[in-house]
Amino acid sequence: IDLDGKSALADTMIIASGRSHRHVSALADHVQRALKDAGHGSPRVEGLPHADWVLIDTGDVILHLFRPEVRSFYNMEKLWDDSFADKPNA
């Protein structure tokens with residue numbers, strides 16, 4: 001989701017799903033290693049112990065990794081759709 005000019009949080013938000021707690025955890029681990037190997041340091045990570053919803057914040061990019069039912073419940077795509085983000089004070 002392109003947040004450039006819509007939020008001071010980040011420029012881009014990525015929302016993805018894993019099939020299980022273990023899959024979400026493995027995806028988060030892989031992303032952290034890839035960022036470190038590419039010279040981007042260690043991002044801030046939250047939610048890894050439970051792996052229902054893991055947030056990886058690199059500064060310019062925020063990655064949300066969900067189990068499918070958690071992703072459906074929070075429906076982040078709807079929260080950040082263009083009609084919401086374009087409203088004043090969004």
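**Exercise 1. A turn between two strands**

Which glycine takes a positive phi in the hairpin of β3 and β4, and how many residues lie between the strands?

Solution. The model is a predicted one.
- Step 1: The hairpin of β3 and β4 has 3 residues between the strands.
- Step 2: In this hairpin, glycine 59 has a positive phi near 105°.
- Step 3: The strands β3 and β4 run antiparallel and are joined by 5 bridges.
- Step 4: Across this pairing, tryptophan 53 stands opposite phenylalanine 66 in β4.

**Exercise 2. The order of the elements**

State how many helices and strands the chain has, and in what order the elements run.

Solution. 
- Step 1: The chain has 4 helices and 4 strands.
- Step 2: Read from the N terminus, the order is β-α-β-β-β-α-α-α.
- Step 3: The radius of gyration is 14 Å, close to the 12 Å that the globule rule gives for 90 residues, so the chain is as compact as a globular protein of that length.
- Step 4: The C-alpha trace spans about 40 × 35 × 15 Å along its principal axes.
- Step 5: Of the 90 residues, 27% count as buried.

**Exercise 3. Positive phi values**

Solution. 
- Step 1: Most residues other than glycine have a negative phi.
- Step 2: The hairpin of β2 and β3 has 6 residues between the strands, and glycine 47 in its turn has a positive phi of about 90°.
- Step 3: Alanine 51 is not a glycine, yet its phi is positive at about 55°. Alanine 51 lies in the loop between β2 and β3, and counts as buried at 4% relative accessibility.
- Step 4: Asparagine 75, also not a glycine, has a positive phi near 45°. Asparagine 75 lies in the loop between α2 and α3 (76-79), and is partly exposed at 34% relative accessibility.

**Exercise 4. The aromatic rings**

Find how many aromatic pairs there are and describe those that tryptophan 53 forms with phenylalanine 66 and tyrosine 74.

Solution. 
- Step 1: The count is 3 aromatic pairs.
- Step 2: Tryptophan 53 and phenylalanine 66 form a tilted pair, 4.8 Å centre to centre with 35° between the planes.
- Step 3: This pair links distant parts of the chain, with tryptophan 53 in strand β3 (residues 53-57) and phenylalanine 66 in strand β4 (residues 61-66), 13 residues apart.
- Step 4: Tryptophan 53 is partly exposed, with a relative accessible area of 26%, whereas phenylalanine 66 is buried at 0%.
- Step 5: Tryptophan 53 also forms a tilted pair with tyrosine 74, at 4.7 Å centre to centre and 50° between the planes.
- Step 6: This second link runs from strand β3 to helix α2 (residues 68-74), 21 residues apart. Tyrosine 74 is partly exposed at 42% relative accessibility.
- Step 7: Ring pairs link Trp53, Phe66, Phe73 and Tyr74 into a cluster.

**Exercise 5. Surroundings of threonine 12**

Which residues is threonine 12 in contact with, leaving aside its neighbours within four places in sequence?

Solution. 
- Step 1: Threonine 12 is in strand β1, and is partly exposed at 29% relative accessibility.
- Step 2: With those neighbours left aside, its contacts are Ile1, Leu3, Asp60, Val61 and Ile62.
- Step 3: Threonine 12 and glycine 59 are 47 residues apart in sequence and 9.4 Å apart in space, C-alpha to C-alpha.

Key
Residues are numbered from 1 along each chain as its sequence is written. This is a predicted model: local features need pLDDT of at least 70, side-chain atom pairs count only at pLDDT 80 or more; totals for chains, interfaces and linings use all residues. Side-chain values use heavy atoms; hydrogens and water are left out. Rings of Phe, Tyr and Trp (its six-membered ring) pair if their centres lie within 6.5 Å; planes under 30 degrees apart count as stacked, over 60 as edge-to-face and the rest as tilted. Buried means under 20% relative accessible area, exposed over 50%, partly exposed in between (1.4 Å probe, protein chains only). Two strands pair if DSSP finds at least two bridges between them. Contact means heavy atoms within 4.5 Å. The radius of gyration is taken over C-alpha atoms; the globule rule is 2.2 Å times the number of residues to the power 0.38.
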